[in-house]
Amino acid sequence: SKLKTQKAMEAAPTELLTVAPTELAFDVNQNKPAVTHLSLRNRHDTKPIAYKIKTTNPARYLVRPNVGVVWAQGASTISVSIPTMKSMPTDTTKCKDKFQVLTLAADDRQTRLLLDASAIGSDALRAKLNELWASETAQHAWVNKIPSVLRVARTSIRGVSIPEERPFSPGSAPTPVHHSHSAAEPATPAQAAPPTLAASEPAAI
């Protein structure tokens, strides 16, 4: 389902939370996943900040973890990837995908609950975070909007003959040079074979 922007949402104050980068760029390649990272840094001295990552195109992206907590004066790195594709996306030049980074500064009660859950384990912490994001408190979250940028990886471009070139077949090999010292039979200059890029090999970078 499409991501819905909640009302009255503002970006997190930069003096409390740093979200970087301002856009997520992916070097897409048909043969392997495209991976990038999102960094969150909590500048608050005492309050942890809970986060949740949403996207307008959940069928395309894999976010790990999509919910979490950044402890006071701490940082978290989120991996965002596009799994291996069967074909190249058609929207590389006009991608409209976006991410929302929802964040909440925990109050004293929520901080205690998150610390207790963290002491139990990652599953308990995740359950507590999901509970927090399902509550009315989530309506007061900050939101940072991050656009997605798709770039065609250069290694995904297959070799194609340059316009000035023509394909070179085994039957069209140049005639070897036969050197002769006879004045009646001057040596024939060799015809240089036009360089080609094999279709099965990547173009040189």
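**Walking through the model**

Modeller: The secondary structure of the chain comes to two helices and nine strands, where helices (H or I, at least four residues) and strands (E, at least two) are DSSP runs numbered from the N terminus. This is a predicted model, where local features need pLDDT of at least 70, side-chain atom pairs count only at pLDDT 80 or more, and totals for chains, interfaces and linings use all residues. Residues are numbered from 1 along each chain as its sequence is written, and side-chain values use heavy atoms, with hydrogens and water left out.

Colleague: What pattern does the chain follow along the sequence?

Modeller: Reading along the sequence, you get β-β-β-β-β-β-β-β-α-α-β.

Colleague: And what about pLDDT, what does the chain average?

Modeller: The average is 79, and 71% of the residues score at least 70; pLDDT is the predictor's confidence in each residue, from 0 to 100. Over residues 1-8 the pLDDT is below 50, and that stretch has 11 contacts in the model beyond near neighbours in sequence, a contact being heavy atoms within 4.5 Å. Residues 159-177 also have pLDDT below 50, with 21 contacts beyond near neighbours in sequence. Where pLDDT is low, the predicted coordinates should not be read in detail.

Colleague: OK, sheet next. Which strands form it, and in what order?

Modeller: Five strands make an open sheet, ordered β2-β9-β8-β4-β6, with mixed pairing. Two strands pair if DSSP finds at least two bridges between them. β2 (24-28) and β6 (67-70) stand at the edges with a single partner strand each, so one side of each has no neighbour in the sheet. From one strand to the next, the twist averages 25°.

Colleague: How many bridges join β4 to β6?

Modeller: Four, and the two strands run antiparallel, with β4 covering residues 49-55. A50 stands opposite V69 in β6.

Colleague: Which strands does α2 lie across?

Modeller: Helix α2 (residues 122-133) lies across β4, β6 and β8 (98-105), and it runs at about 100° to β6. Axes here are lines fitted to C-alpha atoms, for helices over the stretch in contact, and angles run from 0 to 180 degrees between N-to-C directions.

Colleague: Switching to aromatics. How many pairs does a search of the whole structure find?

Modeller: Two aromatic pairs. Rings of Phe, Tyr and Trp (its six-membered ring) pair if their centres lie within 6.5 Å; planes under 30 degrees apart count as stacked, over 60 as edge-to-face and the rest as tilted. The rings of F26 and Y61 have centres 5.4 Å apart and planes at 45°, so that pair is tilted. The pair links distant parts of the chain, with F26 in strand β2 and Y61 in the loop between β4 and β5 (62-64), 35 residues apart.

Colleague: And the rings of Y61 and F99, why is that pair edge-to-face?

Modeller: Their centres are 4.8 Å apart and their planes sit at 65°, so the pair counts as edge-to-face. F99 is in strand β8, 38 residues from Y61. F26, Y61 and F99 form one aromatic cluster.

Colleague: Is F26 buried or exposed?

Modeller: F26 is buried, at a relative accessible area of 0%. Y61 is buried too, at 7% relative accessibility, and F99 is also buried. Buried means under 20% relative accessible area, exposed over 50%, partly exposed in between (1.4 Å probe, protein chains only).

Colleague: What does Y61 touch?

Modeller: Leaving out residues up to four places away in sequence, Y61 touches F26, T55, V80, S81, I82, C95, D97, F99, S148 and L150.

Colleague: How many residues does the largest nonpolar core have?

Modeller: 25, and F26, L40, Y61, V80, I82 and F99 have the most contacts inside it. A nonpolar core is a set of buried Ala, Val, Leu, Ile, Met, Phe, Trp, Tyr and Cys residues joined through side-chain atoms within 4.5 Å. A second, separate core of 15 residues includes A50, L102, L104 and A106.

Colleague: Last topic, the backbone. Which bond from A20 is cis?

Modeller: The peptide bond from A20 to P21, with omega near 0°; P21 lies in the loop between β1 and β2. R64 and P65 are also joined by a cis peptide bond, with omega about -15°, and P65 is in the loop between β5 and β6.

Colleague: What about phi at Q73?

Modeller: Q73 has a positive phi of about 60° although it is not a glycine. Q73 is in the loop between β6 and β7, and at 48% relative accessibility it counts as partly exposed.
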